[in-house]
Amino acid sequence: MKFECIALRSFRNYEELRLSFSPGINVFLGENAQGKTNIIEAVQYASLGRSHRTRDDNDLVRWEEKEARVSLSFSRRDVSHQLEFLFARKKRRRIFHNGAEIKTGALVGVAPSVLFSPEDLFLIKGAPQLRRHYLDAELSSASPVYYRELLNYHHLLTQRNALLKELRDHEGDESLLEFWDMQISSSAAKIVERRIQAVAKLSDIAGRVQREISTQREALEIRYELHGRRDEKDVDRIHRGEVLSDSIALWYNKRLAERRSLDILRGFTSVGPQRDDIDMRINGVSMKSFGSQGQQRTGALSLKLSELVFLKEETGEYPVLLLDDVMSELDAGRRTALLDYIRRESVQTLITATDAAYFADLDPHKVFCVKAGRVMEEHA
């Protein structure tokens, strides 16, 4: 899969912009606050239908403009596609795929990309919710079936939580929860089974990437943490990525029944995939608690690069890699290892940076200079 061209109108600080990409490495150079990240943001938005910087589309519309447009042309297996997004202040956005209007859910897996930015360090240091969101987004990109199951689970969870509040505020028959408990247990088991398999696979891939980037100094392990599961044999099986779907469904159903009174009191469901986490370890030590800043940066990068390989193995094609201002976060050795990896795997990549010296030993296929909302391609 290759991104061929992006066109912007009234997006952030760009009045009009049209860029054609190389199928290899594309470097965007410029000082801070000139618009480099806006380009990465636009590409990610066109790819995934969301921004990594804001949840409000109004923030994307250029100053004093009423509406904006983003259009991405790309090819998959030699078939051309186009995605177009039209959004205006205080209006519902519209999405078109090859000219036909679609809903947001239909974007899943259409034009996948993987973004790595300095904010991704919070994947290591931040709350469990960030790591769950990362894993769900990756699995949804690889499998629309998983995405639909995730939507189904959250629908069931909303229904059960509403019933819990009703029972708390007005009392009633607790046995009404049995139906929802069975449905939630079944859906939760499907989600967790797929997560366990994915994390085991990611751990293997990320471990290889981490060793390469750290020149064999660091071993990275990723483990899925099932909230509330305390049986040591089951925990070991989970970490090995073994399938436990049936036993997990039974366990969830039992736990939901055990915590029913407490859930009614609180008004929300305290058991389920929405409570799980991912544990990342460097040389056997928790990266979140004890990893150095350099190890955390490399660990987050290895996780993102492992996502590239995972999606390729799941879909047959590499997604596009977006690197936003990360070169300054890595030492010279790790920068070299990263660029060597990208070049060797022939991954289409968009990189923003402030210093051309980072690429002194690299021959990017395209270099763009970004200044005050203007983009000029450099020619050798």
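Student: How many aromatic pairs does a search of the whole structure find?

Tutor: The search finds seven aromatic pairs, a pair being rings of Phe, Tyr or Trp (its six-membered ring) whose centres lie within 6.5 Å. This is a predicted model, in which local features need pLDDT of at least 70, side-chain atom pairs count only at pLDDT 80 or more, and totals for chains, interfaces and linings use all residues. Residues are numbered from 1 along each chain as its sequence is written, and side-chain values use heavy atoms, with hydrogens and water left out.

Student: Why is the pair of F28 and F368 called stacked?

Tutor: Planes under 30 degrees apart count as stacked, over 60 as edge-to-face and the rest as tilted. The ring centres of F28 and F368 are 4.7 Å apart and the planes lie at 10 degrees, so the pair is stacked.

Student: What makes this pair a link between distant parts of the chain?

Tutor: F28 belongs to strand β3 (residues 25-29) and F368 to strand β14 (residues 366-371), 340 residues apart. Strands here are DSSP runs (E, at least two residues), and helices are runs of H or I with at least four, numbered from the N terminus.

Student: Which residues of α4 and α5 meet?

Tutor: Contact means heavy atoms within 4.5 Å. Among the residues that meet are Y146, L150 and L157 in α4 and W180, I184 and I191 in α5. By class, this contact has 13 nonpolar, four polar and six charged residues, where Ala, Val, Leu, Ile, Met, Phe, Trp, Tyr, Cys and Pro count as nonpolar, Asp, Glu, Lys and Arg as charged, and the others, Gly among them, as polar.

Student: By class, what lines the second largest pocket?

Tutor: Its lining has seven nonpolar, one polar and four charged residues.
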